[in-house]
Amino acid sequence: MRIALALKGLKVEEERITIFGDDATSRGAEFRALNPQGLVPALLTESGVLLTQSLAIVEYLDEIAPEPPLLPEAHEDRAFARSVALAIAAEIHALLPPRIGNRLRSLPGIGAEEVASWNRHWVTEGLNAVETLIARRRTGRFVVGDRPSIADIVLFPQTVGAARLGLDLTQWPNIAEIAGHCRALPAFAENAPVSPK
Ligand SMILES: N[C@@H](CCC(=O)N[C@@H](CS)C(=O)NCC(=O)O)C(=O)O
């Protein structure tokens with residue numbers, strides 16, 4: 001969401017929600033009263049509607065502020081950008097957030113190294129597939145053409161996470177190149193995900 005806001009030059013009033021550690025504010029009663037899922041991102045609109053789920057929020061931002069567009073123009077390209085975004089958000093990221101690691105570590109015999117190995121497994125398997133999908137259709141600097149779309153907005157943070165897990169991005173040449181083009185843009189570089197303290 002932060003990358004999409006930055007690409008569009010939109011400003012919002014921000015409240016920092018922490019997601020790591022026992023005292024994570026995302027798990028507190030106050031935040032849950034707002035977002036029962038206890039997850040970020042969450043966006044409260046001017047009329048007081050709470051929007052959740054990053055892809056829904058990015059599409060909402062694209063509708064209220066169409067420039068620059070975050071979905072490609074052609075129908076097939078739009079569906080492709082959405083499918084790459086979902087392949088990452090639903091099939092990779094969903095298996096990795098703090099609540100998954102916390103739950104795994106609560107099980108007998110599972111410690112930090114097992115959780116790191118779990119994370120590396122799902123990122124590797126997921127990005128292998130995403131690399132093949134992208135390689136089949138890529139014609140420009142980003143996932144679709146020469147303009148960043150919803151697909152790059154989801155892909156870039158996942159590459160930052162993959163590197164933090166010690167995975168070598170060059171095993172996914174298209175993804176590594178796209179991540180480099182994203183990082184060259186301040187909207188991406190300044191809004192890369194933060195690591196646990
Ligand atoms: N499908 C959701 C995932 C949201 C999500 O898992 N967000 C993470 C931060 S990137 C979170 O709030 N994690 C808190 C936790 O796992 O306890 C989306 O795309 O917005």
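Predicted model: local features only at pLDDT ≥ 70, side-chain atom pairs only at ≥ 80, totals over all residues.
Helices (H or I, at least four residues) and strands (E, at least two) are DSSP runs, numbered from the N terminus.

Back to the prolines, then. Val40 and Pro41 are joined by a cis peptide bond, with omega at about 5°. There is a cis bond from Glu67 to Pro68 as well, and here omega is near -15°. Pro68 belongs to the loop between α3 and α4.

While we are on the backbone, have a look at Gln53. Gln53 sits in the loop between β2 and α3, and its phi is near 75°, a positive value in a residue other than glycine. Gln53 counts as partly exposed, at 45% relative accessibility. By that I mean the range between buried, which is under 20% relative accessible area, and exposed, which is over 50% (1.4 Å probe, protein chains only).

Next, helix α3, residues 54-64. Its buried residues include Leu55, Ile57, Val58, Glu59, Leu61 and Asp62. What lies over them? The cover includes α1 (2-8), β1 (42-44), β2 (50-52), α4 (75-89) and α7.

From α1, let me pick out Lys8. Lys8 is in helix α1, and at 10% relative accessibility this lysine counts as buried. Leaving aside neighbours within four places in sequence, Lys8 is in contact (heavy atoms within 4.5 Å) with Leu61, Asp62, Ala65, Pro66, Glu67, Pro68, Pro69 and Leu70. Lys8 and Glu67 are 59 residues apart in sequence, yet their C-alpha atoms are 6.5 Å apart in space.

Ser149 is another one to click on. Ser149 lies in the loop between α6 and α7 and is buried, with a relative accessible area of 2%. Apart from neighbours within four places in sequence, Ser149 is in contact with Leu70, Pro72 and Ala81.

That brings us to α7 itself. How do α7 and α8 pack? Helix α7 (residues 150-164) and helix α8 (residues 173-183) meet at an angle of about 105°, with their axes 10 Å apart. The axes are lines fitted to C-alpha atoms, for helices over the stretch in contact, and the angles run from 0 to 180 degrees between N-to-C directions. The two helices are therefore roughly perpendicular to each other, a label for 65 to 115 degrees; under 35 would be roughly parallel, over 145 roughly antiparallel, and the rest oblique. On the α7 side the contact is made by Asp152, Leu155, Phe156, Thr159 and Val160, and on the α8 side by Ile175, Ile178, Ala179, Cys182 and Arg183.

Asp152 deserves a moment. Asp152, in helix α7, is buried, with a relative accessible area of 0%. Not counting residues up to four places away in sequence, Asp152 touches Phe142, Val143, Arg147, Pro157, Ile178, Cys182 and Phe188. The C-alpha atoms of Asp152 and Ile3 are separated by 9.7 Å, although these residues are 149 apart along the chain.

Last topic: the rings. How many aromatic pairs does the structure hold? There are two, where rings of Phe, Tyr and Trp (its six-membered ring) pair if their centres lie within 6.5 Å; planes under 30 degrees apart count as stacked, over 60 as edge-to-face and the rest as tilted. Trp118 and Trp122 have ring centres 5.8 Å apart and planes at 70°, so this pair is edge-to-face. Both tryptophans lie in helix α6 (residues 112-137), four residues apart, about one turn of the helix. Phe156 and Phe188 are edge-to-face too, with centres 5.5 Å apart and planes at 90°. Phe156 lies in α7 and Phe188 in helix α9 (residues 186-189), so the pair ties together parts that are 32 residues apart in sequence. Both Phe156 and Phe188 are buried.

Thanks, everyone, and happy to take questions!

Key
Residues numbered from 1 in each chain as written. Heavy atoms only, no water.
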